[in-house]
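Work through the following exercises with the sequence and the model open side by side.

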Amino acid sequence: MNLQQLRYVVEIVSHGNHLSAAAEALNSSQPAVSRQIQLLEQELGFEIFARTRNRIIGLTEPGNVVLSIAQRVATDVTALKRLKEDMHAGNRGIFTIGTTHTQARYVLPKIVKQFIHEYPNVKLVLKQGDPEEICAMVDAGDADLAIGTETTRDFPNLVKLDCFELKRCVVAPSGHSILTVPKLTLREIAKHPIITYDNRYSGRWKVMKAFADAGLEPKIIMSGIDADVCKTYVQLGLGIGILAAVTFDKDRDIGIEARDASQVLPSSTIKVALRPNTYLRPFLLDFIHSIAPALTSTVVRKALKNFEASG
């Protein structure tokens with residue numbers, strides 16, 4: 001058994017069980033990859049992949065366990081390589097952050113500006129995606145940490161720390177009745193066409209759950225992957241928006257107004273996610289602390305240590 005064989009398992013799955021595509025990504029040949037998988041299966045004493053007519057169609061039950069272990073090993077090897085680079089770099093190098101549009105657009109700008117001022121020799125890279133995509137980046141070692149809302153998919157290999165709550169508001173064209181109704185309720189909101197986030201974001205599924213729990217079925221006429229898109233269509237009068245309160249700027253958002261909805265709609269929790277084996281460079285800890293003052297270096301180190309101990 002060797003590391004390369006485990007890497008083959010990961011690549012085959014990531015390429016949709018296509019041996020030829022995995023072999024190309026690994027700069028190898030299809031017969032060579034197939035042979036190494038067979039050798040690994042022989043050593044383990046069970047099949048990792050289910051096959052039909054010599055074609056891989058998926059993972060066996062024990063194969064899923066092998067994949068999980070192989071992914072962890074691959075991530076740990078990547079972490080070792082990065083540790084070597086980090087130890088020699090000090091407060092230099094590349095710092096990659098996976099984040100959602102809302103955080104990148106509305107939460108992080110001032111923090112990033114201050115960070116670049118304090119660490120001019122660190123190249124900061126922001127990679128955007130939905131909450132699951134950015135956690136997958138961290139899980140795969142393609143980002144140092146992720147900043148976003150809750151995910152429906154579990155990421156058992158990541159440590160997630162709460163940063164702050166993201167409250168909601170209702171956004172509507174100026175003069176809209178929802179802005180002046182004496183008491184804002186879910187029933188009042190449900191009377192109007194609604195524009196909100198795509199269902200990949202916790203904002204959407206949390207809002208829908210709140211309506212369902214109240215026995216209401218809102219009319220979602222449109223969804224967007226970011227608040228700016230949603231606000232554009234609210235400005236056109238197509239409906240009212242349910243958005244994160246932080247995304248509304250009264251000086252920039254001309255023609256629309258916002259009303260606090262935190263009493264009737266649940267908030268989302270912004271979390272920072274990172275691998276438990278992450279080398280905690282000083283600038284990484286400072287960045288986390290600037291987002292959430294309660295997350296001191298001591299708190300973060302303890303959380304990672306407890307996670308590894310529980311695993």
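A residue is called buried when its relative accessible area is under 20%, exposed when it is over 50%, and partly exposed in between (1.4 Å probe, protein chains only). This is a predicted model, in which local features need pLDDT of at least 70 and side-chain atom pairs count only at pLDDT 80 or more, while totals for chains, interfaces and linings use all residues. Residues are numbered from 1 along each chain as its sequence is written, and side-chain values use heavy atoms, with hydrogens and water left out.

**Exercise 1.** Determine what share of the residues in the protein chain is buried.

Solution. Applying the cut-off to the 311 residues of the protein chain gives a buried share of 45%.

**Exercise 2.** Describe the largest nonpolar core and identify the members that touch the most others.

Solution. First, join buried Ala, Val, Leu, Ile, Met, Phe, Trp, Tyr and Cys residues through side-chain atoms within 4.5 Å, which defines a nonpolar core. The largest such core has 43 residues, and Phe95, Leu145 and Phe287 touch the most other members. Finally, list contacts (heavy atoms within 4.5 Å): beyond its neighbours within four places in sequence, Phe95 has partners including Leu145, Phe283, Leu284 and Phe287.

**Exercise 3.** Is Leu238 buried, partly exposed or exposed?

Solution. Leu238 lies in the loop between helix H10 (227-235) and strand S10 (240-244), strands being DSSP runs of E with at least two residues. Because its relative accessibility is 42%, Leu238 counts as partly exposed.

How values were computed:
Helix = DSSP H or I, 4+ residues; strand = E, 2+ residues; numbered from the N terminus.
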